[in-house]
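Work through the two exercises below with the model open. Try each task before reading its solution.

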Amino acid sequence: MATAAAALLLVTSVAACSDDPSDAQDLSENRAGAMENYAVGTQFKATEPLSFSVLYNNHPNYPLKNDWLFWSELTSRTNVTLDPVAVPLSDYNQKRSLLIGAGDTPLLIPKTYPPDVHAYVASGAILPVSDYLDLMPNLKDKIEKWNLKPEMDTLRQEDGKYYLLPGLHEKPWQDYSLAVRTDIMEELNLEIPRTWDELYTVLKAMKAKYPDVYPFSDRWSQPNPAGNLLNILAVSYGLEGAGWNFQHVSWDASAQRFEYTGAAEKYKQMLQYLNKLVAEKLLDPESFTQTDDIARQKLANSKSFVISANAQAVVNDYRPDLAKNPKAKIAKIPLPIGPAGEINPASRLENGMMISSKARESKNFVAMMQFVDWLWYSDAGQEFAKWGVEGTTFTKDAAGKHTLAPDVNVIGLNPDAPKHLQKDFGFYNGVFAYGGNPELVQAFFSPEEQEFQQVMNARTPKLPPPPYPLRDEEREQVSLWETPLRDHVYQATLQFVLGQRDLAQWDAYVAELKSKNLDAYMETVTKAYERYQQAHS
């Protein structure tokens with residue numbers, strides 16, 4: 001009786017947080033094939049052969065093959081056969097919407113990003129997965145062990161539940177930063193800049209030595225002006241995102257309130273910094289409009305020395321572009337530090353899995369949730385999805401270090417190998433392999449990229465903003481305001497940075513945003529935030 005009372009108290013406390021397992025209690029008719037003692041560290045294996053349909057994002061770089069080792073080995077280990085409904089990568093979002101709308105969706109719907117979920121909640125077509133976390137011990141363990149509750153709370157809808165099982169990272173994974181010609185740095189006896197202010201000093205020194213050059217000429221300006229540069233600057237200033245990751249609202253922790261990103265004082269300060277670079281001819285004004293090819297040509301021809309980068313761009317674009325110059329060296333530098341301090345701004349959540357609400361009626365529902373938990377969230381399942389089969393696609397030494405088999409290639413690690421981990425075996429597949437601890441996530445990174453990540457992982461993870469789940473009618477109204485607001489922010493950003501509009505007109509610009517329903521937008525967000533806080537205090 002004491003045990004039962006404790007269990008009831010636990011259920012009551014969980015329900016108060018809106019992860020209400022009350023519906024999950026009566027699962028006596030849904031346990032066919034499920035394991036009785038499934039737990040963290042347990043190899044899931046269904047007690048009878050099972051098959052689950054899955055919406056499959058068919059990537060052109062490794063098109064679906066029915067004879068992949070992934071499929072047969074998965075069935076051998078779990079007694080589950082996956083039935084993929086293949087959809088081309090280019091049509092995935094549209095096809096997913098059509099299938100869900102028609103009620104024909106497969107049971108498992110991976111490769112879904114958090115904002116995509118909003119459109120499907122009201123219809124009841126997808127499962128409130130937060131009600132069933134007790135069936136997923138590995139997921140629960142990682143949320144607790146990695147302190148991911150604040151991030152998970154950002155997924156909650158207006159009813160307090162969340163409808164997505166996201167990929168989980170122990171550490172943030174920040175890829176985008178700047179690349180710098182390190183041979184020029186050495187020539188001028190300059191240190192790698194740690195902050196944006198130090199970058200300004202470096203650019204000034206480069207300009208003094210090479211007066212006919214714009215030291216910084218950027219790429220990724222389509223479709224949004226300076227997409228990457230504005231985003232990494234915004235997060236360095238304490239905003240949620242700008243440029244190609246423009247977030248309408250940012251959380252002001254000191255004031256304990258949301259503010260409109262494009263009207264925030266921090267946004268103004270960011271534009272002042274960029275305007276200074278442009279005015280002093282340190283940043284190419286064409287950075288905000290030019291194509292990637294033109295930006296790369298300028299770098300290749302030593303008409304610039306600094307450019308936006310991620311790991312692949314350095315290896316696949318810039319070094320080949322500079323190959324004709326034997327002295328040229330280039331490297332990605334750790335994200336410069338801004339007023340927000342030494343933070344790692346990357347999210348620890350990734351795209352994830354929706355589950356069709358039809359699954360709840362299946363006699364195999366519990367087994368399906370255990371299977372999802374093992375493949376996507378257990379250490380063994382994540383190792384399998386990424387590395388494959390020990391002795392065939394990889395080896396592991398006594399210390400647990402993984403090494404790709406010499407006859408298997410992926411992302412150029414064994415370029416002359418006859419087999420490919422993704423194309424020939426089906427492993428390291430974006431549908432099944434994401435998230436994990438740094439050792440797993442960074443396993444295929446080059447040594448220099450691993451060093452970059454070590455620097456970034458030593459920084460404090462940026463806390464996610466608190467939830468402000470909107471009601472359906474609020475979301476519909478807000479969506480009508482967002483496009484004109486965003487378009488005006490983009491237009492004014494370009495004008496302020498390029499000096500076409502004086503920053504002394506900032507108040508007039510904010511008034512223009514107010515005429516486009518800025519106040520109503522923020523009032524809606526604030527009400528939703530306060531409503532959520534009251535319901536979950």
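**Exercise 1.** Does Arg-96 count as buried or exposed, and why? Then place the residue in its helix and list its contacts.

*Solution.* 
The model is predicted.

Step 1. Take the relative accessibility of Arg-96, which is 2%. The cut-off for buried is under 20%. Arg-96 therefore counts as buried.

Step 2. Find the element. Arg-96 lies in helix 4, which covers residues 92-102.

Step 3. Look for a polar partner. The Arg-96 side chain makes a polar contact with the side chain of Asn-93, at 3.3 Å.

Step 4. Set aside neighbours within four places in sequence. Arg-96 is then in contact with Leu-55, Ile-109, Lys-111, Thr-112, Asp-116, Tyr-120 and Met-354.

**Exercise 2.** Work out the strand order of the sheet that contains strand 5, and find the helix that packs on it.

*Solution.* 
Step 1. Write the order. Three strands form an open sheet, 8-5-9, with antiparallel pairing.

Step 2. Strand 8 (306-309) and strand 9 (330-333) each pair on one side only.

Step 3. Examine one pairing. Strand 5 (residues 177-181) and strand 9 share four bridges in the antiparallel sense. Across this pairing, Arg-181 stands opposite Ile-330 of strand 9.

Technical notes: Residues are numbered from 1 along each chain as its sequence is written. This is a predicted model: local features need pLDDT of at least 70, side-chain atom pairs count only at pLDDT 80 or more; totals for chains, interfaces and linings use all residues. Side-chain values use heavy atoms; hydrogens and water are left out. Helices (H or I, at least four residues) and strands (E, at least two) are DSSP runs, numbered from the N terminus. Buried means under 20% relative accessible area, exposed over 50%, partly exposed in between (1.4 Å probe, protein chains only). A polar contact is a pair of N or O atoms within 3.5 Å; within protein, one must be able to donate a hydrogen and the other to accept it, and residues adjacent in sequence count only if both atoms are side-chain atoms. Contact means heavy atoms within 4.5 Å. Two strands pair if DSSP finds at least two bridges between them. Axes are lines fitted to C-alpha atoms, for helices over the stretch in contact, and angles run from 0 to 180 degrees between N-to-C directions.
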